[in-house]
Structure formats: C-alpha cells, structure tokens
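Subject: The model we talked about

Hi,

Here is the structure I promised to pass on, followed by some notes on what turned up in it. Have a look at it first, then read on.

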Amino acid sequence: MKPSVVTIEPNGHFCSDCAVRASAVCSSLDAAELREFEHLGRRVHFGPGETVFSEEDITTSFYNVLEGVMRLYKLLPDGRRQIVGFALPGDFLGMNISGRHNFSADAIDAVTVCQFAKAPFGRFIESRPQLLRRINELAIRELSQARDHMVLLGRRSADEKVATFLLGWRQRLLALGGSLDTVPLPMSRQDIADYLGLTIETVSRTFTKLERHGAIEILHGGISLRDPARVEALAAA
C-alpha cells in the first residue's frame, strides 16, 4: 500500500491550531518550545486502508495522531492477524527499544498524523525533561492497556469481551469529547474480532444478542447504548 496521500509542511500555525494538543505528547511544552517544536514535524494524510508503517520496518519517524482512527496489528506466521489496539487522536506511535516497529499501523478512515523524523526529535527531547516525563506517561498508559488486553483475551467469555470493548471504546471517545450514549465504530466487525480473539461470526452474534436483550441498538457505523448498566454488569462479570 502507498503510505501518504498528501504531505503538508508546517505553516506557522501548526501547533497553535492543533485540536489534540492538550492530550498529545507536546502538551507539556510552553509557547516558545512549541514554536520550535512545530518546525520538527509535518502533517501527513493517509486514506482509508493505507499503511502508516509496517512491522519490522526500521523506525525513522514518530507519529502523533491528529485525526482519524488507526488499527495496530501483528501478523502471525500462519497469516492470521492479531489487532493489538486502535489509535485515536492524541496517541503517540513509533517509539520502541529495538529500533524497528513491533507492529503495523493502517488507517481505518481518513487519518492525519504529525510526523517527526527520529533523529531531530531525539535531539529536541534531550534537554526537556518535562517532555520525557510526558512520553513516559504515555508509555505507562500503553503498557496498562496491553495488560488489560491480555486479560481480556485470556479470561473472558465472548459476551464479556464485546461488552468490555464497547465500554472501553466509549470511554476513550468520551475523553475526546464524544457522546455518552452513541458509540461510533469505524472499525469493521472483522477488526473487532481480530482484536478480541474471536471469529467475526461470534462478534456478530454477540452484537445481535445484546440488541435483542435491549442493551444496545445497532446503528449504521456504530451502536447506541440503550441500557448501559446491563453492558457494564456484563463487562464486570
């Protein structure tokens, strides 16, 4: 897949106009640092289904998600796909110890990222401990999410997995100003199945079951939580 569709160079209003700056890696920078920081990055746009980076590629850039949703996944030796997460605006991707990407990232819908070349970014953060602390905070959050996902894969029933996914996804969207009751699902049922370690048939049956019991209403492109307490009880089981 071709990586970028359009690249927009910094225009002098790059960071000040950023809608996700309050939750992004750069939130710890002051105004003067932001003016310097904005010249390190460029905005890159990806169309639905396009690859942002691939597993085992050498890491040359870091990415701050500005718009859209990305699927993060690994391919198993037999060709099966395990989705390890979904990236939302404010998420910071690409930092690793090995120097190679340890998963692949594709755009689910139209995605815009702020792309930083690895070497200049590394030099910039060396003298800014507050930015290093912010990066550590994001890394700890990512580790916590990974541990929760391991428990979800190994110790939950299909109903519990789907309920937990819906509530967790809603919570992430709420942090970005989303609705309390209507939950957009830009990812496919297959994506959800590959994230939860289920088949697409099981995911579809579980959605239908939850709707039949009045817990959710299936909408075009998402769901409505008709009985959040029922879904929460199922997720907490």
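Let me begin with S224, which sits in strand 12 (residues 222-225); helices (H or I, at least four residues) and strands (E, at least two) are DSSP runs, numbered from the N terminus. S224 counts as buried because its relative accessibility is 12%, where buried means under 20% relative accessible area, exposed over 50%, and partly exposed in between (1.4 Å probe, protein chains only). Leaving aside neighbours within four places in sequence, S224 is in contact with D181, T182, A215, I216, E217 and L219, a contact being heavy atoms within 4.5 Å.

Some ground rules before going further. This is a predicted model, in which local features need pLDDT of at least 70 and side-chain atom pairs count only at pLDDT 80 or more, while totals for chains, interfaces and linings use all residues. Residues are numbered from 1 along each chain as its sequence is written, and side-chain values use heavy atoms, with hydrogens and water left out.

On confidence: pLDDT is the predictor's confidence in each residue, from 0 to 100. The protein chain has a mean pLDDT of 87, and 94% of its residues reach 70 or more. Residues 1-13 have pLDDT below 50, and this stretch has 32 contacts in the model beyond near neighbours in sequence. Where pLDDT is low, the predicted coordinates should not be read in detail.

Back to the S224 neighbourhood. One of the S224 contacts, E217, forms a salt bridge with R226, with the closest N and O atoms 2.8 Å apart. A salt bridge here is a side-chain nitrogen of Lys or Arg within 4 Å of a carboxyl oxygen of Asp or Glu. E217 is partly exposed, at a relative accessible area of 30%, whereas R226 is exposed at 54%. R226 is also touched by G214, as is D227, not counting residues up to four places away in sequence. G214 lies in the loop between helix 6 (200-212) and strand 11 (216-219) and is partly exposed, at 34% relative accessibility.

- K74 pairs with E55, the closest N and O atoms being 3.0 Å apart. K74 is partly exposed at 31% relative accessible area, and E55 is partly exposed at 22%.
- R81 meets D191 at 2.8 Å, N to O. R81 is partly exposed at 24% relative accessible area, while D191 is buried at 2%.

Salt bridges that share partners also join R71, R81, D191 and D194 into one network.

Now the pockets. A 1 Å grid over the protein atoms alone was used; a pocket is an open set of points where a 1.4 Å probe fits, with protein on both sides within 12 Å along at least five of seven lines, and lining residues have an atom within 4 Å of a point. Grid points are joined across faces, edges and corners, and a volume is the space filled by probe spheres set on the points.

The largest pocket holds about 1100 Å³ of space. Its lining has 32 residues, with V84, R141, E142, Q145 and A146 nearest the centre. Strand 5 (70-75), strand 6 (81-87), strand 7 (92-93), helix 3 (129-155) and helix 4 (158-175) each give two or more residues to this lining, and helix 3 has the largest share, eleven residues. The lining divides into 16 nonpolar, ten polar and six charged residues. Nonpolar here covers Ala, Val, Leu, Ile, Met, Phe, Trp, Tyr, Cys and Pro; charged covers Asp, Glu, Lys and Arg; the others, Gly among them, count as polar.

The second largest pocket has a volume of about 230 Å³. Among its lining residues are S23, D91, R141, Q145 and R172. Helix 4 gives the most to this lining, with four residues.

Best wishes
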